[in-house]
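Opening my notebook on this one. I want to look at the pockets and then at the aromatic rings.

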Amino acid sequence: MDVRNSGRPLQSKYKVPPYIVASPGFSQRSWPRWWRNTGQVPYTILAKAARLRLFGKHPAGVFFQLNKRIWEIIPSDVRNSYHIRAYGAWLQGLARLVATRRQYFRTFFLRNRPALELMRRLADERPKGSTLRIAVFGCSIGAEVYSILWTIRLARPDLKVLVRAVDISQEILNFAKKGIYAPDTCELVDALIFERLTAHEMQEMFDWEGDHATVKSWLREGITWQLADASSLELTDVLGPQDIVVANNFLCHMEPVVAENCLRNIAGLVDRGGCLFVSGVDLEVRAKLARELGWRPIPELLEQIHDGDPELRGGWPLDWWGLEPLNRRRCDWQLRYAAAFQSIQAIE
């Protein structure tokens, strides 16, 4: 589906995976000459490495553990050098080839503050007393949903904010709807979900009974917890058009062709003048659809949002979901690294 956008915006089967052929983080022009001559050499080398077996097993585990130790002792300024970044891109390309991607419920409250700040600024442009429709995909245990509502309702209590929180697991939706978080919740999602909150925020967002935290009632209002598959073709009929669509941190756990089809489907929900937030996705998938569907990267807070989640940035280059460092030397760097978009039609 195409993104439906016009008028004033809210704010003024891969045969050869493109993330290998394009060598993540570098334009083709910046490749060494022997890479540029064929355009296929990086993929060929990685494909051979991915097929390597010793005694019937892939040595990637040992290889990545060794590289992790080496990577941790490399000074940060050296990591930013051309050759080290190129090696990092090669490492992540290999990680994507050999990894078996799977979904996680891992999440945090106020996970990416710059992204939440941009949502606040967009909401601030809404007319007084108007309705703001938001769809959040892969909502997990609700931390992202409540974080968004916390940010917007504090700034604009006059707005009627309606949220459709979508996940493919009914069990996790039931958990999120209750809004009760206990110490064993961290075990469920394998994350310290409160670690990015200040003491003040923990008191303002939750009612506490011992070590059990319940989301404040005013934050739980206006939420529809929706069981749905983000790749379903009936998604638009089920949810309807949305002013802000959020699809963070679950597409990277899909194979690229599946993620692309899913994101294309999700984008069809964006209403005229609406915005799409999408992070935690293979950058090549996102950039490809941005070009095809006419999304315009929102430059405001672009770099801060890119670096706003240390979980993603820390995963590069040894995890398939890791986020490469921003490279301003790319001619397409804004399109590649933006996590918030509007369509070109909406700007004109």
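**Pockets, then rings**

I started with the second largest pocket, which holds about 420 Å³ of space. Keep in mind that I'm working on a predicted model.

Which residues sit closest to the centre of that second largest pocket? I found Trp-71, Gly-314, Trp-316, Pro-317 and Leu-318, out of the 17 residues that line the pocket. Next I looked up the elements behind this lining: helix 4 (60–73), helix 5 (76–79) and helix 17 each give two or more residues. Helix 4 gives the most, with six residues. Sorting the lining of the second largest pocket by class, I got six nonpolar, six polar and five charged residues.

Then I moved on to the largest pocket, with about 820 Å³ of space. Its lining has 41 residues, and the closest to the centre are Tyr-104, Gly-138, Asn-248, Asn-249 and Phe-250. I noted that several elements each supply at least two lining residues of the largest pocket, among them strand 2 (160–167) and helix 14 (256–267). The largest share for the largest pocket comes from helix 7, with three residues. By class, I wrote down 21 nonpolar, twelve polar and eight charged residues for the lining of the largest pocket.

**Aromatic rings**

How many aromatic pairs does a search of the whole structure find? I got 13. Tyr-87 and Trp-90 make a stacked pair, because their planes are at 10° and stacking needs an angle under 30 degrees. Their ring centres are 6.1 Å apart. Tyr-87 and Trp-90 are three residues apart in helix 6 (residues 82–98), so about one helical turn separates them.

My next pair was Phe-194 with Phe-206, which is edge-to-face, with 5.2 Å from centre to centre and 75° between the planes. This pair links distant parts of the chain, twelve residues apart. Phe-194 is in the loop between helix 10 (185–189) and helix 11 (199–205), and Phe-206 is in strand 4 (residues 206–209). Buried or exposed, I wondered about Phe-194 and Phe-206? Both are buried. They also belong to one aromatic cluster, together with Phe-109, Phe-175, Tyr-181 and Trp-208.

Last entry: I spotted Arg-196 over the face of Phe-108, at 4.0 Å from the ring centre.

Terms used. Residues are numbered from 1 along each chain as its sequence is written. This is a predicted model: local features need pLDDT of at least 70, side-chain atom pairs count only at pLDDT 80 or more; totals for chains, interfaces and linings use all residues. Side-chain values use heavy atoms; hydrogens and water are left out. Rings of Phe, Tyr and Trp (its six-membered ring) pair if their centres lie within 6.5 Å; planes under 30 degrees apart count as stacked, over 60 as edge-to-face and the rest as tilted. Helices (H or I, at least four residues) and strands (E, at least two) are DSSP runs, numbered from the N terminus. Buried means under 20% relative accessible area, exposed over 50%, partly exposed in between (1.4 Å probe, protein chains only). A charge sits over a ring if NZ of Lys or CZ of Arg is within 6 Å of the ring centre and within 35 degrees of the ring normal. On a 1 Å grid over the protein atoms alone, a cavity is a set of points where a 1.4 Å probe fits but cannot get out, and a pocket is an open set with protein on both sides within 12 Å along at least five of seven lines; lining residues have an atom within 4 Å of a point. Grid points are joined across faces, edges and corners, and a volume is the space filled by probe spheres set on the points. Ala, Val, Leu, Ile, Met, Phe, Trp, Tyr, Cys and Pro count as nonpolar, Asp, Glu, Lys and Arg as charged, and the others, Gly among them, as polar.
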